[in-house]
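Dear colleague,

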Amino acid sequence: MKGIGKKIQKYREAAGLTQEQLAEKVDISTNYIGAIEREVKTPTLSLFVKILICLGAEPNDILAEVIPLKTKEQCSDLEKRIKALPIRKQKKVLRIFEVILEEAEK
């Protein structure tokens with residue numbers, strides 16, 4: 001998947017680790033880490049988890065821009081946020097959404 005390697009590299013550098021140090025921690029070769037970061041290779045799920053643990057990163061940190069959040073989940077999150085608002089503000093937000101939807105449907 002495009003993007004994973006670059007994100008891993010970003011988090012590795014932020015953690016102050018060299019490719020060699022990360023490779024040693026996850027028990028793979030430095031060349032393999034380099035290939036992952038260049039996006040020539042894709043890590044297996046188990047290796048991906050090891051890398052995340054070593055970097056102190058959450059899966060969403062790495063995958064957020066690579067795998068788009070599903071529309072249903074986004075709608076659910078928005079619904080929760082709207083329901084948390086006072087009724088008056090909920091109505092205001094819903095009116096704004098209606099206008100946006102009307103424009104999108106044109």
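For the helix packing described here, axes are lines fitted to C-alpha atoms over the stretch in contact, and angles run from 0 to 180 degrees between N-to-C directions. Please note that this is a predicted model.

On that basis, helix H2 (residues 19–26) packs against helix H3, which spans residues 30–37. Their axes are 8 Å apart and the packing angle is about 110°. Since angles of 65 to 115 degrees count as roughly perpendicular, H2 is therefore roughly perpendicular to H3. On the H2 side the contact is made by Gln19, Glu20, Leu22, Ala23 and Val26, and on the H3 side by Thr30, Ile33, Gly34 and Glu37.

The axes of helix H1 (residues 4–14) and helix H4 (residues 45–55) come within 10 Å and cross at roughly 25°. Because angles under 35 degrees count as roughly parallel, H1 is described as roughly parallel to H4. The crossing of these two helices is left-handed. H1 contributes Ile4, Ile8, Tyr11 and Arg12 to the contact, while H4 contributes Phe48, Ile51 and Leu55. Here the division is 6 nonpolar, no polar and 1 charged.

Which loop holds Glu39? Glu39 is located in the loop between H3 and H4. Setting aside neighbours within four places in sequence, Glu39 is in contact with Lys2, Gly3, Ile4, Gly5 and Lys6. For Lys6, the backbone nitrogen lies 3.2 Å from a polar atom of the Glu39 side chain.

Turning to the chain as a whole, its secondary structure consists of 7 helices and 0 strands. Along the sequence the pattern reads α-α-α-α-α-α-α. The C-alpha trace spans about 55 × 30 × 20 Å along its principal axes. The radius of gyration of the chain is 20 Å, whereas a compact globule of 106 residues would have a value near 13 Å.

In summary, the two helix pairs reported are H2 with H3, roughly perpendicular, and H1 with H4, roughly parallel.

With kind regards

Note on methods. Residues are numbered from 1 along each chain as its sequence is written. This is a predicted model: local features need pLDDT of at least 70, side-chain atom pairs count only at pLDDT 80 or more; totals for chains, interfaces and linings use all residues. Side-chain values use heavy atoms; hydrogens and water are left out. Helices (H or I, at least four residues) and strands (E, at least two) are DSSP runs, numbered from the N terminus. Angles under 35 degrees count as roughly parallel, over 145 as roughly antiparallel, 65 to 115 as roughly perpendicular and the rest as oblique. A crossing is left-handed if the near helix is turned anticlockwise from the far one by less than a right angle, and right-handed if clockwise. Contact means heavy atoms within 4.5 Å. Ala, Val, Leu, Ile, Met, Phe, Trp, Tyr, Cys and Pro count as nonpolar, Asp, Glu, Lys and Arg as charged, and the others, Gly among them, as polar. A polar contact is a pair of N or O atoms within 3.5 Å; within protein, one must be able to donate a hydrogen and the other to accept it, and residues adjacent in sequence count only if both atoms are side-chain atoms. The radius of gyration is taken over C-alpha atoms; the globule rule is 2.2 Å times the number of residues to the power 0.38.
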